[in-house]
Amino acid sequence: MTGTTATATATTTATTAATATFGAVGAAHTRVEGVAKVTGAARYAGEVPYPELAHGWLVLSTVARGRIRAVESAPVLAMPGVVAVLHHENAPRLNGDYTNAFGAPDPVAQIFQHDRVPFVGWPVALIVAETPEQAREAAEALVVTYDEEPHDVVFAAGLPGVYAPESAPAAQKGDLEAELAASAVVVDAEYSTPEEHHSPMEPHAAIARWDGGRLEVIDSNQGSRFVADELAKLFSLDPQSVRVRSEHVGGGFGSKGTRPHSVAAAMAATVLQRPVRVVLTRRQMFSLVGYRSPTAQRVRLGADADGRLRAFDHRAECLTSTVYEFVERASEFGRAMYVSDAHYSQTRVVPLDVPTPSWMRAPGEAPGSFALESALDELAEKCGLDPIALRARNEPAVGPVSGLPFSGRNLLACFEEGARRFGWADRDPRPGVRREGRWLLGTGTAASTFPVLSAPSTAAVTAEPDGSFTVRITASDVGTGARTALTLIAADALEVAPERIRMRIADSDFGFAMIAGGSMGTRSWAWAIRVAADELRERLALGGGIPPEGITARSDTSQAVGALEQKERHSFGAQFAEVAVDVTSGEVRVRRMLGIFAAGRIVNPLTARGQFVGGMVWGLSMALHEEAHRDRASGGHVGADLAGYHFSAHADVPDIEADWVDDPDPGDPVGIKGIGEIGVVGAAAAIANAVWHATGVRHRNLPIRPDRVLLAGTGGDRDA
């Protein structure tokens, strides 16, 4: 009788709440963990306390290529507080013979397994001590000697050894050379982007300990189950004997996968049988957690006099390390963008004695959009067309290369709305004619796109006896507001107020779920939550009591995701920028930016706008500031810190506005596409195009530094 009454009460409460709050998705909502973060209650991997905690400090190689001759650990072991020095001669053996979701693993995670050194910054030892200060002092005192070998770290187009990787095949259709020859207007230009680094506010950190025969790791990552599976394979453990948690993450941007810090912590905890924490320094992050490869790109566009594309040719080159292949697929940006009679796109790669690049926000699309969208602007100028009109003239009905139908394509709606709000119609198309004192003014635009992907995920939703609901999913909130978005999605699926949802995430014990990456995290997780919630509602509708342990419904979207119809699925956007260029100093100031996006159903406008604006700020930084330099002699970075690596500061960021057009995806249960990557795509090109409009000079090499502006001069039709 009591159980029946409790069920009736819970059902009545849920119905009342649903009537009042249904429609949480699409309404602005502050972060559910916001109070915990601003009060300091939210703890990150580098802050969680444990009794008997020891501290590890990585020692990195100082040579770019060679072999370790000796690690002189005895003097260091005699220093105060030092309890261990791990290196290739005494570290536990790891298993590197496996594959993960992305293929073969990067050997940089297989630390201390041999004496080879493939780049500056390769881990050669781990000092473990009672305090971080003792570990750091000992790490700086450790003497490691090497047998050095000649190295090569300088990237340029057409280097010996460049090859076409099997993992990134070329796309082609039609007779490219014939269509170029038949074109009335041809653009043939080369572009370059420099090495760039994601450096999230929270450094990479991990604590590892053994508890009851289980390896438990608290890590800063973008996918706890992925990291747990990697650690299980590396250490030859049963997958169920490894648990990884990552409740709060202070930024990732593609850099927080299985990295040496978590492996080092697990290795030391295994050797010492006590908890060990390893935190990377800012300088160490420049060599251990990936970066965006520099690119050299050539774009050839052939068109009729009216701007209709006949030939589209985009070729790019990037670098990778000598130990692991990673391809920055810059040439693939345009494969879904513009229709042409002939198409060719390919990215080639050259191995150098450098750390392995990795995914960095909008990998491929960010540098690729700079080259192609700049070339489109050049073509519009040669054809005497408005840049937006040229893009509209080459709008495809189906995938330009694949021939597949689009699941939705609202690019022109983005340009239409953006042009209206930006005041594009009032623009004088002539370059170098607007001036305010020493400042030349210009405006530019560019298109954005990013693929829409889904990955299988699992979730569990539990109806609790008190009328609340607990959602468990191995999602990761890397600072994007995913925890809040998933709360709103669960609330709508269960037709209850968001306050009745308890969202538990980032625990590998909750089962497989997609990592936070590729703009597919929230889309994939939401799908799994929606399926589990729908099943739970059906079970609750049957009546009956809720036992003390609750009623749980589970989901696995593997079959549903696998059954998706083949289509071109993309988010789109239009970027607009106004710049002022100082003719005396060469300084470029971005005065305002506007981005209009078609990126599926927007779950939480508050955090979504922050995502878009954050990406656009990154695009501004890419256009004007960011570039990492390597010293040819040492092979290492020049200024591998946030003092030497320049990026946009508050004073550089102008009035930035981001908005969206209605664009729900009919192939997704919630209508989501994904917004994490697209904000940066096209932003640098819009700024570069605006600089041309202001000065009459084309800048094809990023960043557009003041010295490059002065060297090129202003006015006329010149290139830089």
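Student: Where's Glu89?
Tutor: Glu89 sits in the loop between β3 (82-87) and β4 (116-117); strands here are DSSP E runs of at least two residues and helices H or I runs of at least four, numbered from the N terminus. This is a predicted model, where local features need pLDDT of at least 70, side-chain atom pairs count only at pLDDT 80 or more, and totals for chains, interfaces and linings use all residues. Residues are numbered from 1 along each chain as its sequence is written, and side-chain values use heavy atoms, leaving out hydrogens and water.

Student: Is Glu89 buried or exposed?
Tutor: Exposed, because its relative accessibility is 59% (buried is under 20%, exposed over 50%, partly exposed in between, with a 1.4 Å probe and protein chains only).

Student: New topic: which residues does Val579 touch?
Tutor: Among them are Leu440, Leu441, Val588, Ile687 and Val691, not counting residues up to four places away in sequence; contact means heavy atoms within 4.5 Å.

Student: And which residues in α15 meet α16?
Tutor: Met616, Gly619, Leu620, Met622, Ala623 and Leu624 in α15 meet Ala683, Ala684 and Ile687 in α16.
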